[in-house]
Amino acid sequence: MTIDTIKMRRLSESLAEGEVRGRSLWADARKRFMKNKAAVAGVIMLVLVTAYAFLGDYVAAYTYDFKDFAIMGHAAETGAPSWSNGHYFGVDNDGRDMFAVTAQGTRISLMVGIVGTVIAVIVGTIYGAVSGYAGGRTDGIMMRIVDILLSIPFMFVIILLLVMFGRSISMLFAGIGLLSWLNMARIVRGQTLSLKNKEYIEAARATGVPAWKIILRHVVPNLLGIVAVYATLLVPDMILTESFISFLGLGVQAPMTSLGALISDGAKTMQYGTIWALLVPLFFFVVTMFAFYFIGDGLRDALDPKDR
Amino acid sequence: MFAYIVKRIAVAIPTLLILIIISFLLMHAAPGGPFTSEKKYPAQVLANLNEKYGLDQPLWKQMATYVWNIVRHFDFGPSFVYKDRTVNEVIAQGFPVTLVYGSISFVVATIVGIALGAVAALKQNTWVDYLAVGISIGAQVLPSFVIAPILVLVFTLWLGWLPGGGWEHGEVRYVIMPVIALSTAYMASIARITRSSMLEVLTSNHIRTARAKGLPEWKVILRHTLKPAMLPVVSYLGPAFVTMITGSVVVDMYFSTGGIGRSFVDAALNRDYSVMMGVTILVGALTIFFNLVVDILYAWIDPKIRY
Amino acid sequence: MNRRLLLSTVLVAALAGPVFAANPQPGETLSDNRSYTFRELDAIKTLDPGLNADVEGSDVLRALFEGLYNEDSDGNLVPGVATSYDLSDDKTTYTFHLRPEAKWSNGDPVTAQDFVYAWQRLADPALASEYAWYLELGQIVNAAEVTAGKVKPDQLGVKAVDDHTFEVKLIAPLPYFPKLVTNASLFPVHKATIDKFGADWTKPGNLVSNGAYVLKDHILGEKIVMERNKNYWDDAHTFMDTVTGVTINDENAGLTRFLAGEVDRTDVPAGQYPQLKEKYPDMATSTPYSCSYTYVINLTDKGNKALQDVRVRKALSYAVDRDIIVNNVLQGGQKPAYNWTHWAVNGFKMPDIDYSHWTQAERNDKAKALLAEAGYGPDKPLTIQLNYNTSEAHQKIASAIAQMWKQTLGVDLVLNNLEWKVHTDRMQSQDFEMARYAWCGDYNEASTYLDLLASYSGNNNGKYSNPDYDKLMKDAKTAADPNADYTKAEEILATDMPIIPIYHYAKVDMIQPDIKGLPQNNVQQSWYAKDIYRVAK
């Protein structure tokens, strides 16, 4: 877990203080966020990387599943990045055009990161909110389940899942999502507990609004801040997890690839003179990670009014 | 406190059982078995194998026998693939190796990480801080499967300083590279957590009071800042310790250490059912145990927390 | 009355002179460094010859144990524990004469009883060996019955006539039977040790072996160390004092450590041979290796309907540019394959296969025509699923072929990268359309390949069936010249195209230049540690 718990805690304390006063908190936050240079740089980097990932195919002179047989096998001598032959980022040992293949790999990595996070957010928020709002016995049991699941070595379960159902993107999403909602649920539950006794919620309860409506209307919106921050910081975690799975050879199916798979291939062959096959995907990987960290940190600072 | 510990241990047993059941079912649901081979064996040969290893029994019975043998004799069965070894032997050989390089990595990561984080916090917004933050994010995002081959290339092939792999009962030269490869990412996380935790404590009231009382700065830092700042670090260290001592696939792969990190992946791919279960149970039990240790430590550091 | 056959007389005569194991050439001076280190991909699974089932285990077992016969550098039989054998007139009884000086590492003599025990143990269902079928392959009397538990192991057709005479009875004549006895599963084992230690008998310190080396240390995932066996009968001609196998999973890491001088032999990663050959001409080697790489087509109803049409299968096969696969993808001295049996297999005569002489342009034209004839084209596109197991090399080949088929034929090949066990499981239950398959010869004769495609073979995963082919394979068992039948069988395969041959393997290695005595032309790639020596630089 790479997420900084201390700042999260402080953020949740200040966010729990009052009901979100509609627009103003978010408006203030945006102002503060825009002042944060690192965060803005993160947004710009992320926009550029995303643009490359989704539009790179239109610029690339080759498709990602194309093998250049003329260069394959001589990549060290003739595969270096070049404008003249259209291989802007060079060709790797498999004869793949690094520009096209990295764009495609970045796309997969971003998708894995974001879909995994969305799963974590949805499951974790609902679970945590229900548990925290219900309280008492239900809360105890639900949290005990989370504790039990947290002590299962999840990397093992992901490997088992991929081995059992065969590799596929959906299985990867499911596996990674499975791994990540637990901490989300814990944070959300804590937040819900402190929200629960606020006057506006008690008022709603007193007027007979059903529990699910209170959760959806009053609890969840007030959780948004902390969930948003946590989610942003979760994305790089997901991408890292996926890269490790790819390294084990259990990642997405060829001819598709991911940044993790490309880096793993590149690292294995770096001693043969095709260093660009490592550096290109590694560059996009590092930039993506930095971007998410910066945005996450910026978002957290921006949403925390006390942090002045 | 004591009652709490007893309660936690009581929960640990059903947790382990659930873990065993999940893994057992998933494992047996996977296509192919330990004796699936490119050259298909005649039916009779397969039947003999299945009988010898009890795979001809119904699944629930296999599972019951398995659990019973563990409870009764602490016997995790024979390996299905390493035919002249038992699971206990496989673990007894591999686990000490990972325990050694994992613990050293843990100590290194903790010391370097806390030092780096503390320095960054004390020199907030100076170049020292930026450098430290840069290093820690960089170290965190660089996958160990990139670091490991680079280390071998540099220290073994180019400089010729260190052997490229092997273990030799933990001789120092063989331990250095595995430790670097394993500790880097953890060191980075610890540094980042320490930094922000220190920053929070440094701006808090009781530090201001301490300073106002005219205590020397080093005393303020050592006595009043570090200890409270360690809370989130400790909660990170517990699970990190377990992951580190149960080894790393990357380290075992690149440095031929013979540790247990690779055993699980190998066992899963080879369908070595018993080794896979053994490693899963080991890791599960360690995780549960160290989560408990962390909670107790937590209570010790922060007496306000009561269970 | 047994009569010594011409064949065995010639064999014995050729070997009548003293047999040197490590055999330095004139002008070579030996090094003081008497240790040899090699890379192994995975940990050795077992050191019990009866339980071993893989190539790496066999490599180590050949150093620790010695069977009736060994192989020389060219793959010919040379005496091991046996010095000669007689064959009865009906060609079903082999009598091996064992050398009296052969000893176990604890000093006990190696006797015919040790072989009897080892072979009976291999067949015994109580041991449940994965290689029990090997005795059946050897047509030994009662082998199948013992494994099935129908008769007791002592009914197996093997007998110790006296301490140094070992007799084997076969159900039917099998011309290549002597070639089978070099397999590790048929090595002798020491009964007293097994009785004493049970399952622990292969642990360092317990293991008693009869080969040139004894076990010193065996650590999973790290290494295996073997030391000279002072009691080995030919110890005087053994050079290396220690032989060490180091587990290095990643072949690129293996190469780095080879270049750093830590190992004496390692595999060359796919595609790196030309570069390494240029840089280290005295280290990079490529020698033929008896394995063939193909795509098997599922001919049952569970397969792809389009592939039931021989024209489609031929079109696909023709459109594979094998030269690109071997020259650009693999680049390690592999040969393009247009047939099933490896080209270098002993005695095999390559059939005259028409499309092997064509240029790729001609093949492509023919392929397009055939596919159009079968009714597939732009308005009726063809999509095929290909299963292969996880490996960088398989992936490279599959995506290269996908591109060839796409460009030449407009056929879409969907790649299914499956984990090894899943791949094998699906293949063996005919749950595939087309699947990568490679076969390595169990012995140096074409039938090890061709038997596989007979309709009655358990490994015929595509369920190819042609009565003419089956008949040829059955006739070959007793034919005076089975190789003529093998050639005809290959011609049938080229017409029916039940598999798409892709390439014939080569073993591509980096070997330190001062290491000598590794086999040069042995397509089985079996090496014997006792033959290896190191020259002074």
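What percentage of the 308 residues of chain A count as buried? In this predicted model, 58% of the residues of chain A count as buried.

**Figure 1. Chain A is built from 12 helices and 0 strands.** Read from the N terminus, the elements of chain A follow the order α-α-α-α-α-α-α-α-α-α-α-α. Of the contacts in chain A between residues at least 6 apart in sequence, 77% join residues at least 24 apart.

**Figure 2. Chain A and chain C share an interface with about 2,100 Å² of buried area.** The size of an interface is often expressed as the accessible area lost when the parts come together. Carbon and sulfur atoms give 48% of the area buried between chain A and chain C. The contacts involve 21 residues of chain A and 27 residues of chain C. Across this interface, 8 residue pairs are in polar contact, with both residues at pLDDT 80 or more. On the side of chain A that touches chain C, the elements giving two or more residues are helix H4 (75-78) and helix H11 (259-269). The residues on that side of chain A comprise 8 nonpolar, 6 polar and 7 charged.

**Figure 3. A:Asp94 and C:Lys396 form a salt bridge between chain A and chain C.** The closest N and O atoms of A:Asp94 and C:Lys396 are 3.3 Å apart. The count of salt bridges between chain A and chain C is 2. A search of the whole structure, over all chains, finds 39 salt bridges.

**Figure 4. A network of salt bridges links A:Asp92, A:Asp94, A:Arg96, A:Asp265 and C:Lys396.** Within this network, A:Arg96 forms a salt bridge with A:Asp92, and their closest N and O atoms are 3.0 Å apart. A:Arg96 has a relative accessible area of 7% and is therefore buried. A:Asp92 is likewise buried, with a relative accessible area of 5%.

**Figure 5. The side chains of C:Lys159 and C:Glu167 meet in a salt bridge.** The N to O distance for C:Lys159 and C:Glu167 is 3.9 Å. C:Lys159 counts as partly exposed, because its relative accessibility is 45%. C:Glu167, at 13% relative accessibility, counts as buried.

**Figure 6. C:Lys406 and C:Asp412 form a salt bridge through their side chains.** The N to O distance for C:Lys406 and C:Asp412 is 2.9 Å. C:Lys406 has a relative accessible area of 42% and is partly exposed. C:Asp412 is also partly exposed, with a relative accessible area of 30%.

**Figure 7. The side chain of B:Asn48 reaches the backbone oxygen of C:Thr147.** The distance from the side chain of B:Asn48 to this backbone oxygen is 2.9 Å. B:Asn48 belongs to helix H2 of chain B, which comprises residues 43-52. When residues up to four places away in sequence are not counted, B:Asn48 touches C:Pro125, C:Ala128 and C:Thr147. B:Asn48 counts as buried, because its relative accessibility is 8%, and buried means under 20% relative accessible area.

Technical notes: Residues numbered from 1 in each chain as written. Chains lettered and ligands numbered in written order. Predicted model: local features only at pLDDT ≥ 70, side-chain atom pairs only at ≥ 80, totals over all residues. Heavy atoms only, no water. Contact = heavy atoms within 4.5 Å. Buried area = accessible area lost by both parts, 1.4 Å probe. Salt bridge = Lys/Arg side-chain N within 4 Å of Asp/Glu carboxyl O. Polar contact = N/O pair within 3.5 Å; in protein donor to acceptor, adjacent residues only side chain to side chain. Helix = DSSP H or I, 4+ residues; strand = E, 2+ residues; numbered from the N terminus. Nonpolar A, V, L, I, M, F, W, Y, C, P; charged D, E, K, R; others polar. Buried < 20%, exposed > 50% of the residue type's maximum accessible area, 1.4 Å probe, protein only.
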